[in-house]
Amino acid sequence: MEFIQVKTYDELSTRAAAIIAAQVVLKADSVLGLATGSSPVGTYRKLAEKYEAGEVDFSRVRSVNLDEYVGLDGENDQSYRYFMNTNLFDHINIDKANTRVPNGLATDLAAECAAHDAHIEALGGIDLQLLGIGPNGHIAFNEPDSVFTAPTHVVELEESTIEANSRFFASRDEVPTRALTMGIGAIMKARRVLLVANGPKKKDTVQRAFFGPITPEVPASILQLHPNVTVIYSEE
Ligand code: F6R
């Protein structure tokens, strides 16, 4: 594991964007695994700047996202599809037809989970998976549990996650309680993993995840077994 500690969020975003841009420059048709949440926002802004500056071309990139709330459609400004469009896809030359976010409105959620995994397989797996980390150590929406769950699945969100995410909603009652999430399997099969975490609130989580025991109680701890992980942590 490569652990990079920087001072500012801006530095974190610059470093993360440089790694993702290098991946795309080296392999134009890369499969990027993408995350939402507040942590990667700066990284996406820097990637858009790199695109504007002509440094990187996303026209052949394919992407898959980690998760989506059950019950929100892509037009809802709290959906992860909307987040991806507005924070990244609308600002670069990726073909949206080549981007996949799980469909939170699918009538058959089990089939949608299977379709997400089948899509990743059909793409040949993920070249680089970008991750954030939840305060409870979750990655994607793999919440602390007694087992690691490999396939994409439906999860009941933990109280602490609903609480943490309520900052994005008008009221806590509006936060969906279920989500579709990529499992630990596709994340661990990604050829490279890049995890970004910032702020004092994440310090203890990062410590437990990467310097503590490997346990499904801290889902990100499984990444200690991944052969190619970069963690960027900023104090700010
Ligand atoms: C988002 C995701 C989540 C977030 C995590 C951290 O797609 O999968 O695991 O990465 O909840 O969120 P932030 O970055 O908002 O602290």
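A polar contact is a pair of N or O atoms within 3.5 Å; within protein, one must be able to donate a hydrogen and the other to accept it, and residues adjacent in sequence count only if both atoms are side-chain atoms. This is a predicted model: local features need pLDDT of at least 70, side-chain atom pairs count only at pLDDT 80 or more, and totals for chains, interfaces and linings use all residues. Numbering runs from 1 along each chain as its sequence is written, and side-chain values use heavy atoms, without hydrogens or water.

**Ligand contacts**
- The side chain of histidine 138 places an N or O atom 2.7 Å from a ligand oxygen.
- For the side chain of aspartate 67, the corresponding distance to a ligand oxygen is 2.6 Å.
- Serine 38 uses a polar backbone atom, 2.8 Å from an oxygen of the ligand.
- Of the 410 Å² of accessible area that the ligand has on its own, the protein covers 94% (Shrake-Rupley method, 1.4 Å probe).

**Shell**
- The ligand is surrounded by 14 residues (a heavy atom within 4 Å).
- The closest are Ser39, Asp67, His138, Ala140 and Lys202.
- The shell divides into 4 nonpolar, 7 polar and 3 charged residues, with Gly counted as polar and Tyr, Cys and Pro among the nonpolar.

**Domains**
- The chain is assigned domain 1 (1-111) and domain 2 (133-178 + 201-222), with bounds from an automatic or database assignment.
- Their centres, taken over C-alpha atoms, are 19 Å apart.
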